[in-house]
Amino acid sequence: MPPHIAGREREKSAFVEGIGELTRSEEPQAILLVGPRGCGKTVLLNWCRNHALQSDRHIRVKEFTREVPTTMAGIARELLDNVFDVRFPDEIMARANVGIAGAEGKWNTEPSDMAVLEALIEQCGKSPLLLVLEEAADKNPESVGALFNLHQRINRETGNMLFVLAGTPRVMDVLRDSKATFSDRNRVLNVGLLGSEESAEAIAKPLRENRMSITEPALAKAVSESQGFPYFLQVWGKALFNRVLGEGTGKISLSDVEAVTEEVDAERNVTYATRYREWSANDRKILAEVLASIRSLENSDGIGEDDLLQVVAKTLESHEESNARAEKFAAKITETGCLWQPWGSNKLESGLPSFIDFVLDKSIEGKHAV
Ligand SMILES: Nc1ncnc2c1ncn2[C@@H]1O[C@H](COP(=O)(O)OP(=O)(O)O)[C@@H](O)[C@H]1O
Ligand SMILES: [Mg+2]
């Protein structure tokens, strides 16, 4: 968790509202956070969970971190087992009244899917459940669909379940493929770059709390270098904090910012390099051309996903490649944090502006080397 969560008021109040409804059995709608990597989705999910745990009413919290079962009953089994401590199969078998004679038969038979679901609904009726799903874009669409359907089913009967999930922009495709009844009532919140005031708070507030201060120009420089990318704000904040920790004055000025620039850049380069490595040598060239084209178009205002797809298709063709993989290529551009289209918007935004510069610089370097 960052020392201070800057901005994100809308997300926090959505969670507060959802958890309030949960405690009152008011069928809270699901909340989906969508945004590029490193923008703060996990931080917000943690905030939500902590908020739920502080509630007066005992809320059970389950986070699926690894594989999620692909059916409602499969999920229900896991929830009963490790959230509600309902032991299999005896308790449910007794309730399901399957009527198998003799102890042996009873122990060897799995309870039916319906019995499991009913048992879960009964448990949820007694105590509310917050279900958290991370990295939803990497999950099996069937699992995501089953979670949404389970959420609706439990809520219809008890009003006692809140489903909160987060994923990179690809999550919307997973949702589409999941065939879940994703009702319009569910909330989708975009989690992108932070504004400059919020960015300044992300750096300055933790310093203030440690009786340190930062001059206006020093703060402005660190903020502009971070480009609103939450992870970089933390890298800057930490470097500046460590720099003044040993000194008596506790005051950070522009010279301190300059002194840590090299160290910060090294860390930022690790981020860029990691993302860059996800592209093959051939695709890097195509990527650079696509990004350069998009940059040159950018002033003509409002470039959307469809335009990106067209640029990618054309660039692939100019490399004498089939444009059949244009869609996949464009999706990867989003996945590696270059450009994404927030839900409900028709304009592309940058996921990490300086990564685009990095890609373009590399391509120029490459040309010089040739
Ligand atoms: N609102 C915020 N204010 C300050 N720092 C943040 C904020 N959100 C995220 N961070 C920092 O950014 C980094 C990435 O956050 P994380 O939640 O892991 O992103 P994601 O899950 O979207 O990839 C972490 O170092 C985190 O501390
Ligand atoms: Mg995350």
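Visitor: Which residues does A6 touch, not counting residues up to four places away in sequence?
Guide: The model is predicted: local features need pLDDT of at least 70, side-chain atom pairs 80 or more, while totals for chains, interfaces and linings use all residues, and side-chain values use heavy atoms, without hydrogens or water. Residues count from 1 along each chain as its sequence is written, with chains lettered from A and ligands numbered from 1 in the order written. Contact means heavy atoms within 4.5 Å. On that basis A6 touches L194, E198 and A202.

Visitor: Is A6 buried or exposed?
Guide: A6 sits in the segment before α1. Buried means under 20% relative accessible area, with a 1.4 Å probe and protein chains only. A6 has 8% relative accessibility, so A6 is buried.

Visitor: How many Å apart in space are A6 and A200, C-alpha to C-alpha?
Guide: In sequence, 194 residues separate A6 and A200. In space, their C-alpha atoms are apart by 8.6 Å.

Visitor: At roughly what angle do the axes of α3 and α7 cross?
Guide: Helices are DSSP runs (H or I, at least four residues), numbered from the N terminus. α3 spans residues 72-82 and α7 residues 141-158. Their axes, lines fitted to C-alpha atoms over the stretch in contact, come within 9 Å. Angles of 65 to 115 degrees count as roughly perpendicular, so α3 and α7 fall in that class, crossing at roughly 75°.

Visitor: Which residues in α7 do those of α3 meet?
Guide: α3 contributes M72, I75 and L79. The contact residues divide into six nonpolar, two polar and no charged. The α7 residues are S143, A146, L147, N149 and L150.

Conventions
Axes fitted to C-alpha atoms, helices over the stretch in contact; angles between N-to-C directions. Helix = DSSP H or I, 4+ residues; strand = E, 2+ residues; numbered from the N terminus. Parallel < 35°, antiparallel > 145°, perpendicular 65-115°, else oblique. Nonpolar A, V, L, I, M, F, W, Y, C, P; charged D, E, K, R; others polar. Buried < 20%, exposed > 50% of the residue type's maximum accessible area, 1.4 Å probe, protein only.
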